[in-house]
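My notes follow in the order I looked things up.

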Amino acid sequence: MLISLEGKRALVTGGNSGIGEAIVDALSEAGAKVGINYVVHPETAKKIVTRIRGKRGEALALQADVTDPGAVAAMFGRMDEAWGGIDILVNNAGIDGGRALSWEADGGAWRKVIEVNLMGAFYCAQQALKRMISQKSGVVLSISSVHEIIAWSGYSAYTASKAAVGMMTKSLAQEAAPYGVRVLAVGPGAIKTPINRSVWSDPAGLKDLLSKIPLNRMGEAEEISRMVVVLVSDVASYVTGRTIYVDGGMTDYPDFARGG
Ligand code: NAD
């Protein structure tokens with residue numbers, strides 16, 4: 001089966017690093033024009049644009065902090081000017097906020113995680129849906145996490161934000177379905193990227209992590225980006241309102257492989 005996103009206009013938030021960069025490349029390889037949102041490191045965003053244009057693809061680097069609704073609206077305005085709108089939004093920008101037990105956590109740091117992971121995803125989804133509802137087509141896909149459903153001590157803001165993204169996804173999917181617009185999420189397990197460098201660069205941390213993954217390895221960003229391409233394409237035309245986990249079995253409660 002050939003998947004083509006030829007002519008589709010896509011935007012990936014936090015597209016200049018880790019999973020976002022892999023999604024940008026995969027969408028582009030499938031034929032989409034890709035807007036690469038970034039908040040820091042403009043040089044990496046520009047390098048990706050150059051790489052894509054070198055392969056005769058179309059790409060734009062779009063600076064915006066997703067927690068700023070004005071900046072988000074302006075970014076969608078630039079998509080309108082360049083390509084006349086949007087067909088695919090990937091809400092990928094996210095932070096984990098660092099580890100802190102709730103009674104020791106800084107309220108501002110907790111709020112920042114919610115602002116980036118939840119409010120940022122909402123502001124972008126709102127702008128995308130305004131356009132998709134009127135054109136009666138489009139897909140909004142958010143990168144959630146296995147921590148949408150797995151608790152994680154020390155990361156209460158992160159788990160709360162991802163659980164909220166899951167329920168927001170379901171509600172937006174109900175709103176958008178009558179217009180032929182799909183809204184869904186992908187929940188990655190442990191994928192080797194800068195966000196979790198402290199875990200995979202420490203042998204003891206890595207050993208503990210692998211014990212939680214039935215496939216006994218971390219995932220690659222490309223294993224997320226391939227699933228994203230499938231889900232935003234017409235191959236998945238009947239899939240909406242769900243989080244699809246891409247996690248090597250992490251949400252399968254691996255401890256039960258040894259009795260219970
Ligand atoms: P990453 O740190 O490489 O990427 C995060 C991106 O978000 C960066 O480009 C960063 O600059 C951007 N970002 C942060 N704040 C922003 C803001 N205010 N506005 C715009 N962009 C902003 O990490 P990653 O692992 O590639 O994470 C991507 C997504 O995948 C995140 O939503 C993360 O929660 C999710 N995720 C990652 C894993 C994993 O194991 N790596 C697992 C589950 C979920």
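**Entry 1**

I started with strand E1 (residues 9-12), which pairs with E4 in the parallel sense over three bridges. A reminder to myself before going further: this is a predicted model. For one bridge I looked up the partners, and Val-12 has Val-90 as its bridge partner in E4.

Next I turned to E4 itself. Are its faces covered or open? Both faces of E4 are covered. Ile-88 and Val-90 are buried on one side, and Leu-89 and Asn-91 are buried on the other.

Then I followed E4 to its next neighbour. Strand E4 (residues 88-91) runs parallel to E5, and four bridges join the two. Val-90 turns up again here, with Leu-141 as its bridge partner in E5. I also noted Asn-91, which stands opposite Ser-142 in E5.

**Entry 2: strand E5**

How many of the residues of E5 are buried? I found six of six for strand E5 (residues 138-143), so I wrote it down as mostly covered, with under 20% relative accessible area as the cut-off for buried. I sorted its side chains by direction: Gly-138, Val-140 and Ser-142 point one way, while Val-139, Leu-141 and Ile-143 point the other way. Residues of both sets are buried.

E5 also pairs with strand E6 (residues 181-188), in the parallel sense and over six bridges. The bridge partner I looked up there is Val-186 in E6, which goes with Ile-143.

**Entry 3: the crossovers**

I traced the connections between these strands. E4, helix H4 (residues 107-135) and E5 make a right-handed β-α-β unit. E5, H5 and E6 make a right-handed β-α-β unit as well.

**Entry 4: Asn-91**

I went back to Asn-91, a polar residue in strand E4. Is Asn-91 buried or exposed? Its relative accessibility is 5%, so Asn-91 counts as buried. What does its side chain reach? I found the backbone oxygen of Ala-121 at 3.2 Å from the side chain of Asn-91.

**Entry 5: backbone angles**

Most residues other than glycine have a negative phi, so I looked for exceptions. His-41 is one of them: it has a positive phi of about 60° and is not a glycine. His-41 is found in the loop between strand E2 (33-38) and helix H2 (42-54). The relative accessible area of His-41 is 48%, so I logged this residue as partly exposed.

Lys-136 is another, again with a positive phi of about 60° and again not a glycine. Where is Lys-136? I located it in the loop between H4 and E5. Lys-136 counts as exposed because its relative accessibility is 55%.

**Entry 6: the ligand**

Now for the ligand. Which residues come nearest? Of the 29 residues around the ligand, these are Ser-17, Ile-19, Tyr-158, Ile-191 and Thr-193. By class, I listed 15 nonpolar, twelve polar and two charged residues in the shell.

- Thr-193 has a polar side-chain atom 2.5 Å from an oxygen atom of the ligand.
- Val-66 uses its backbone, with an N or O atom 3.0 Å from a nitrogen atom of the ligand.
- Asn-16 has a side-chain N or O atom 3.2 Å from an oxygen atom of the ligand.

How much of the ligand does the protein bury? Taken alone the ligand exposes 830 Å², and the protein buries 92% of that. I also checked which elements give two or more residues to the shell, and these are helix H1 (18-29) and helix H5 (156-176). H5 is already in my notes as the helix of the unit with E5 and E6.

**Entry 7: Lys-212**

One last stop. Lys-212 lies in the loop between helix H7 (203-210) and helix H8 (221-232). With a relative accessibility of 37%, Lys-212 counts as partly exposed. I took one distance from here: the C-alpha atoms of Lys-212 and Thr-243 are separated by 20 Å, with the two residues 31 apart along the chain.

Conventions: Residues numbered from 1 in each chain as written. Predicted model: local features only at pLDDT ≥ 70, side-chain atom pairs only at ≥ 80, totals over all residues. Heavy atoms only, no water. Near = heavy atom within 4 Å. Polar contact = N/O pair within 3.5 Å; in protein donor to acceptor, adjacent residues only side chain to side chain. Areas by Shrake-Rupley, 256 points an atom, 1.4 Å probe, with all protein chains shown as cover. Buried < 20%, exposed > 50% of the residue type's maximum accessible area, 1.4 Å probe, protein only. Pairing = 2+ DSSP bridges. Right-handed = clockwise from strand over helix to strand, strands pointing away.
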